[in-house]
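Reader: I am new to this structure and would like to understand the words used to describe it. Could you take me through them with care?

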Amino acid sequence: MKINKQRDFIGTTPMGTVLDILSYEMDSGQEGKTVYIQSGIHGGEITQWIMHELFLFLKKNLLCGKVILLPCANPVSWTQRIYYSTNGKFDLYNGKDWNRNFPGKSDGSMGERIAAVLFAKASKADFVLDLHTSRESIPFAIYARAEDKEIIKKLGISYNQYIDMGKSSAYAGTLNAALISAGVPNLCIECGSHDSYESQNIREVINGIKRLLASLQMIDTKLAEPAPSKIKTFAKTVKYLAPRGCLIRLAKPLGASIQKGDDLFYCFDNADLGSAVAVQSEHNGVLFKVSPTHIYWSGDEVVQLLSDEDSEIL
């Protein structure tokens with residue numbers, strides 16, 4: 001096993017401090033696939049727990065090919081700290097989502113320069129995983145092509161969201177969309193909640209990555225735990241918004257199965273002290289994402305459901 005640490009220059013701060021991106025190329029020394037796994041394009045989305053355990057596992061168990069790990073794909077976003085919170089989803093200079101700059105531009109904005117370095121590495125791989133977290137959520141994979149269902153089955157994460165990134169302008173400029181245009185197979189995994197350590201979610205994602213590597217014959221299949229008996233895909237999500245400015249308490253935990261008519265959350269309105277109004281679901285599905293707060297303005301998003309309306313068990 002040969003491990004090559006590489007630093008790629010992306011620019012300097014106004015004080016002249018050099019900014020670079022650190023990657024680890026883990027080379028088994030045997031012919032095989034190259035898998036690129038990226039983490040931390042958004043500051044505060046902690047998926048480094050997964051990278052840490054993968055690194056230790058692959059040092060002992062990578063049989064063939066290469067795995068390239070980027071534990072912090074965007075060092076700039078991790079400096080965007082206010083009080084105890086790292087606010088790294090958007091570039092505070094221009095307001096743009098850091099993951100909307102791909103394929104990038106080497107002489108462009110800071111976000112485009114970072115994207116250019118990342119895309120140059122990722123586009124040479126045989127397969128790419130982009131790891132994120134999502135507010136407060138259960139793990140779920142995102143795939144963008146119907147043919148990716150076979151990869152989703154090999155990954156074996158319980159819940160999977162289909163997004164047609166070619167038709168959805170909201171995902172234009174993401175790493176995943178750019179890789180699809182370049183013909184590179186890839187998935188995005190939302191690994192759980194923002195700024196958290198969730199051991200069960202970490203285990204689920206790591207086991208999924210091991211199953212994927214085993215399917216590529218890069219590790220012994222005996223080291224990959226069997227996939228869950230039911231793997232579901234969803235093509236439709238449903239958002240529920242705060243009907244008024246209020247404090248909100250959830251009625252169901254993350255991962256709960258929701259039936260039409262179930263209470264989703266309760267609104268506590270200071271203009272009507274002593275009252276609590278329930279907002280009920282109009283859909284059947286799974287509660288997979290909630291906002292990490294109890295404080296809402298009118299129209300703020302509270303929860304998202306994976307809707308059973310357009311779902312499939314693989």
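Author: What follows is a set of questions about terms, each answered from the structure shown above. This is a predicted model, in which local features need pLDDT of at least 70 and side-chain atom pairs count only at pLDDT 80 or more, while totals for chains, interfaces and linings use all residues. Residues are numbered from 1 along each chain as its sequence is written, and side-chain values use heavy atoms, with hydrogens and water left out.

Reader: How do you know how many disulfides the structure holds?

Author: A disulfide is counted when a pair of cysteine sulfur atoms lies within 2.5 Å, and by that test the structure holds zero disulfides. For C267, the nearest cysteine sulfur is that of C246, at 4.0 Å, and C267 is in no disulfide.

Reader: Why are β1 and β21 said to stand at the edges?

Author: Two strands pair if DSSP finds at least two bridges between them, and the open sheet of 10 strands, with mixed pairing, has the order β1-β2-β4-β3-β7-β11-β9-β10-β12-β21. β1 and β21 (311–313) each have a single partner strand, so one side of each is left without a neighbour in the sheet. As for β1 and β2, they run antiparallel and are joined by 10 bridges, and F9 stands opposite D20 in β2.

Reader: What makes β17 and β19 edge strands?

Author: Four strands form an open sheet with antiparallel pairing, in the order β17-β16-β14-β19, and β17 (277–280) and β19 (295–296) each pair on one side only. Strand β16 (residues 263–268) is joined to β17 by four bridges, and F265 stands opposite V279 in β17.

Reader: How do you know which residues line the largest pocket, and which are closest to its centre?

Author: On a 1 Å grid over the protein atoms alone, a pocket is an open set of points where a 1.4 Å probe fits, with protein on both sides within 12 Å along at least five of seven lines, and lining residues have an atom within 4 Å of a point. The largest pocket has 37 lining residues, and the closest to its centre are K89, S134, R135, E190 and K289. Its volume, the space filled by probe spheres set on points joined across faces, edges and corners, is about 1000 Å³.

Reader: Which elements supply at least two residues of the lining of the second largest pocket?

Author: They are β1 (2–12), β2 (18–27), β4 (66–70) and α2 (110–122). The second largest pocket has a volume of about 230 Å³, and of its 14 lining residues, the closest to its centre are Q6, E25, I68, K121 and K124.
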